[in-house]
Structures are given as structure tokens and as C-alpha cells.
Amino acid sequence: MRDRLAIITATLAGAFMALQYFVTLPVANSAYRAILSWMQIIAAFAIVVGVFGVIRLHLERIGRKRAGWLYSVTLLAGVLVMSILGFAGGIDRGTSFQWIFDHWQAPMQSTVFSLLAFYIASAAYRGFRARSGESVILVLAAIIVMLGRVPLGEWLSPIVPNVSDWILNVPALAAKRAILIGIGLGMVATSLKVIAGLERTYLGGR
Amino acid sequence: MSLLETTTTALLTLAIYSFLAGDNPFYKFAEHLLVGLTIGYTLVITLKSVIWPQAIIPMTRGEMPSLVPLLLGCLILLRLVPRWAGWSRISLALVVGGGAGVAIPAMLKARVLDQMAATANGVTSWAGWIILIGVLATLTYFVFTRAHRGAWGTSARIGRYFMMVFFGATFAYTVMSRVALLIGRLEFLMGDWLGILRS
Amino acid sequence: MGPSRRWIFAVVGVVAVAAMIFRPGFPLSVGKETRHVFDLIGSLDSSSIVMISFDHEASSLPEVGPLGSAIVDHCFREGIRVVGLALFSEGTAAGYELINRRARAAGKS
């Protein structure tokens with residue numbers, strides 16, 4: 001009964017949102033925008049659920065003194081500090097909330113992502129050693145595009161940036177377009193299955 | 001920025017870079033702190049900039065339609081109660097179904113029809129013909145209901161070569177963006193913190 | 001983790017640090033796309049508004065931040081108003097901060 005209600009909701013919402021694209025009635029348009037904003041609010045509540053899920057998991061780890069429980073304390077302290085500062089002190093410029101974002105959160109995130117500069121170099125090294133026709137094409141394209149985007153490439157030869165542009169605008173674009181078309185068709189097919197009630201994995205379980 | 005401020009940032013940065021030498025407690029501490037701060041940040045921003053202004057405030061003004069998303073949002077919160085968790089599926093169905101509905105015309109237009117139009121209209125030049133061949137060859141590669149043999153197989157193989165060029169270009173951009181991040185962090189460590197860089 | 005991997009890490013680190021200390025001076029030229037954006041903003045009249053989307057997380061600030069600053073600065077030089085938006089929660093803060101900082105530098109706030 002409950003699941004049937006869910007499937008009917010998905011079908012009605014999906015059919016309306018898709019058909020509304022072809023309708024110019026103002027009523028349909030404002031209903032479309034209302035449902036979009038509802039979806040945003042529901043997604044926000046889902047984030048809250050996710051946050052509480054993580055908090056519960058780490059409270060459990062602390063409670064049972066599992067390995068690394070002290071790290072869970074660190075994590076929860078981070079959540080607590082940000083929440084208290086954000087709700088009590090505000091989130092505007094000059095607040096402690098913003099200070100932590102600027103001085104701890106943003107730099108740490110950027111450091112984590114920059115770690116990949118090291119790992120990608122070691123992956124590229126292994127890529128160089130795996131010699132097949134395709135990997136040679138991949139590595140050559142990568143090298144030319146990289147050189148074309150930095151001053152060194154132009155210093156080597158003015159042809160390098162032009163070749164790099166050509167690679168991006170012709171063969172890479174062709175493959176990208178085909179992949180986009182494939183993804184687009186796949187998403188349309190999946191969406192139709194959701195609306196028809198054939199795709200039910202979002203209900204969980206099966 | 002004062003020295004104390006930059007030092008806390010620098011120590012956290014170094015703790016994360018310590019992972020290059022292998023997993024260690026400093027890295028684990030920084031990692032968990034980062035996840036905690038990010039969760040707290042997301043929670044505050046979500047409540048303050050979505051739920052509060054879009055759901056709570058309209059309700060206090062007595063706007064009846066605003067009760068619907070609030071109710072659906074509360075259904076999602078039931079996920080936290082195992083016995084009633086199933087009710088959250090109704091809200092989820094609205095998001096998934098509505099998203100599917102929005103996706104059909106949008107995806108069809110932006111990802112399929114517009115791409116096909118641009119490819120077809122581009123054949124006024126040599127590059128346009130190469131793009132057309134590349135698109136068709138790559139598409140044949142993705143047809144798995146037919147064996148990749150004979151002419152079809154050749155086309156699929158050409159498609160793979162085009163894709164390798166694309167992956168190479170994407171790889172190049174990833175490398176450059178990650179190196180840009182590394183340079184950003186080094187500029188902070190050596191410039192803002194240690195002050196050994198000429199500006 | 002094999003020793004060869006540590007060597008690669010070391011090489012990446014040393015090269016990046018050395019390049020920042022010794023600053024090899026390669027000639028910098030302006031690319032086609034960059035010039036295109038520059039000219040496009042330059043061709044707008046002063047009643048125009050440029051909308052900039054900061055759709056990135058804080059993690060990519062060192063990469064995307066300079067691009068954002070360059071465009072915002074150019075708009076302010078041309079006397080064009082700027083509207084920032086973001087679909088990422090962290091992009092909101094990053095974009096807000098960036099526009100404010102550049103506005104202060106340009107004496108606009």
C-alpha cells in the first residue's frame with residue numbers, strides 16, 4: 001500500500017514534470033516551479049538525515065570504544081563546533097564560522113585534492129610502461145594538451161598550442177559528443193522506466 | 001593573517017601531506033577533523049539557507065502550500081526511526097519521479113538533439129567531417145547488442161581511438177588542475193607561512 | 001607502497017618547489033579563449049550585468065579563484081555590475097568572499 005502510493009507519486013510527478021515542458025499555461029508553469037522547490041526542500045531534509053546518520057555511527061563507535069574511537073571524537077567535535085558557531089554566531093563574513101571555513105576547512109580540502117597531483121604522477125608513470133596502441137594515443141594526447149596549456153609549450157614551438165587546440169576541438173570533442181549522446185539516451189530511458197513504475201530500486205531492497 | 005592563524009593552517013596542511021609517507025595518526029586526525037567540519041558546515045548552510053527560508057518562514061506566515069514540502073521533509077526524517085522508515089519512500093518518490101520528469105526533455109535536448117544538430121551542421125569543414133566520423137564510430141562502440149566484428153568492429157575500434165584522445169585530454173586537465181592546487185598550497189606554505197618566496 | 005612510488009612523489013614535490021623558488025621565466029601569452037572572454041566583457045555597455053556562477057567547492061579555490069578574480073576585476077574596470085550565484089553550498093561562501101574582496105580592492109564597496 002505504502003509502496004504503491006510511492007510509485008503513484010513518482011509516476012504522477014514525473015509525467016507532470018516531463019509534459020509541462022510542452023505546455024505554456026501559467027498554472028502548469030507555477031506548479032512546475034513549486035514542485036522543483038519542494039524537491040529542493042526534501043533534498044535538504046535528506047541531508048539532515050545523512051548528517052544524523054553519521055553522528056549516530058560515530059557515537060556508537062565512541063560508546064563501544066572501537067579501534068580509532070578518538071578520531072570519531074575529533075569528527076564529532078568538528079560537527080559540534082561548526083554547528084554551534086553557525087547557529088549561535090551567524091555565518092556572515094567576520095564570524096568565527098567563516099574563519100574556520102577560510103582557515104581550516106577550505107585549505108584542508110584543497111590539500112586533500114592536491115594529494116592527487118602526486119598519485120596521478122605515479123599513475124601516469126605506470127601508464128607509460130603499459131605499451132599498447134591505445135595507451136600511446138592516450139599519453140600522447142595528454143602530453144600535447146598539457147604542453148599546449150602552459151607557457152613551456154609555446155616556448156618549445158608555437159605549433160604546440162595549435163595542435164593542442166585541434167585535439168580538444170576535433171577528436172576529443174567527437175568522442176565527448178558521442179559519450180554525451182549515450183549518457184543522454186541512457187538517462188531518458190531510465191527516467192521513462194521510473195515514470196512507468198518499472199524501475200523501483202529507489203524504494204530500496206530489490 | 002597573524003602567525004598563529006597561518007601556523008594552525010600550515011600544521012593541518014602538513015598533517016594531510018604526511019599521508020604521502022604512509023597512513024599515520026596525524027593524517028587520520030586531520031582527515032576526521034575535515035569531515036566533521038564539512039558536515040557541520042553543510043548542516044548549518046542547509047538549515048539556514050534552504051529549510052529555514054523556504055519551508056519554516058512561509059509556514060509562520062500562514063502560507064498553506066508551504067505545509068506540503070514541510071510534511072514531505074518530515075517524512076524523510078522518519079528514516080531515522082527504523083519502524084517508520086518506509087514512509088520516507090513517498091518523499092523520495094517525488095524527488096526521483098520529479099527528477100526523472102525534468103530530465104527527459106532537458107537531457108533529450110541538451111545531450112542528444114543539440115549534440116546531433118551541432119555535429120550535422122559542422123560538416124562544412126574538414127574538421128566537421130572528422131567530428132562526424134568520430135561521433136558515429138564512438139557510438140558504434142557503445143552498441144553492445146551487436147558483435148564487434150567486421151566493418152562494425154573496425155568502426156568500434158576507431159571509436160576507441162577517438163575516446164582515448166578524449167580521455168588523454170581529460171587526464172591532462174585533471175593533472176593540471178591538481179598541480180594548480182598543489183602550487184596553491186605550496187604558495188601558502190612557503191609564502192604566507194614561511195615567507196621565503198619573493199612576490 | 002614501493003620505493004619507486006616514493007621517488008615519484010619526491011620528484012613531483014621537488015620540481016614544484018624548485019619551480020616556485022627559481023621562477024623560470026617563460027613568455028606568457030594570452031590564449032584565444034581568454035581574449036574572447038576579455039573582448040566580450042569589454043564590448044558590453046555599462047548598464048549590463050554579468051552573472052558569474054561559482055559552481056565549485058572550496059577545494060578548487062586555488063585553481064578557480066584566480067580565474068574568478070580576473071573576470072570580476074575586468075567587469076569592475078569596465079564599470080559593469082556583477083551578480084554571483086552558486087549551486088554548491090561552499091561555492092556560495094567562496095564566490096561571496098571573492099566578489100567582496102575584489103570590490104574592496106576596486107574601491108566599490
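Q: Which residue in E2(C) is the bridge partner of C:Ser53?
A: The partner of C:Ser53 in E2(C) is C:Leu85. Please note that the model is predicted.

Q: How many bridges join the two strands, and do they run parallel or antiparallel?
A: Strand E1 of chain C, residues 49-53, and strand E2 of chain C, residues 81-85, run parallel and are joined by five bridges.

Q: And which helix belongs with E1(C) and E2(C) in a β-α-β unit?
A: That helix is H3(C), and the β-α-β unit made by E1(C), H3(C) and E2(C) is right-handed.

Q: How many helices and strands does chain C have in total?
A: Chain C has four helices and two strands. Along the sequence their order is α-α-β-α-β-α.

Q: What is the radius of gyration of chain C, against that of a compact globule of 109 residues?
A: Chain C has a radius of gyration of 18 Å, whereas a compact globule of 109 residues would be near 13 Å. The C-alpha trace of chain C spans about 60 × 35 × 25 Å along its principal axes.

Q: What share of chain C counts as buried?
A: The buried share is 21% of the 109 residues of chain C.

Q: What about contacts in chain C: what percentage comes from residues 24 or more positions apart?
A: Among contacts in chain C with a separation of 6 or more, 77% are between residues 24 or more positions apart.

Q: Now the neighbours. How many residues of chain C are in contact with chain B?
A: Nine residues of chain C are in contact with 14 residues of chain B. On the chain C side, helix H1 (3-22) and helix H3 (61-77) each supply at least two residues. H1(C) gives the largest share of that side, four residues.

Q: What classes of residue make up that side of chain C?
A: The side of chain C that touches chain B has six nonpolar, two polar and one charged residues.

Q: Next, how many residues of chain B are in contact with chain A?
A: In chain B, 96 residues are in contact with 100 residues of chain A. Several helices of chain B each supply at least two residues to this side, among them H2, helix H5 (126-141) and helix H6 (150-193).

Q: Let me pick one residue, B:Val35. Which helix is it in?
A: B:Val35 lies in helix H2 of chain B, which covers residues 25-60.

Q: Why does B:Val35 count as partly exposed?
A: B:Val35 is partly exposed because 18 other C-beta atoms lie within 10 Å, while a buried residue would need 20 or more and an exposed one 12 or fewer.

Q: How far apart are B:Val35 and B:Leu77 in space?
A: The C-alpha atoms of B:Val35 and B:Leu77 are 22 Å apart, and the two residues are 42 apart in sequence.

Q: How is chain B divided into domains?
A: Chain B is divided into domain 1 (1-62) and domain 2 (122-199). The centres of these domains of chain B, taken over C-alpha atoms, are separated by 32 Å.

Q: Where are the domains of chain A?
A: Domain 1 of chain A covers 1-89 and domain 2 of chain A covers 130-198. Their centres, taken over C-alpha atoms, lie 34 Å apart. Five residues of domain 1 of chain A are in contact with four residues of domain 2 of chain A.

Q: Last topic: how many helices and strands are in chain A?
A: Chain A has eight helices and zero strands.

Q: What share of chain A is buried?
A: Of the 206 residues in chain A, 35% are buried.

Note on methods. Residues numbered from 1 in each chain as written. Chains lettered and ligands numbered in written order. Predicted model: local features only at pLDDT ≥ 70, side-chain atom pairs only at ≥ 80, totals over all residues. Contact = placed C-beta atoms within 7 Å. Nonpolar A, V, L, I, M, F, W, Y, C, P; charged D, E, K, R; others polar. Rg over C-alpha atoms; globule rule 2.2 N^0.38 Å. Domains from an automatic or database assignment. Pairing = 2+ DSSP bridges. Right-handed = clockwise from strand over helix to strand, strands pointing away.
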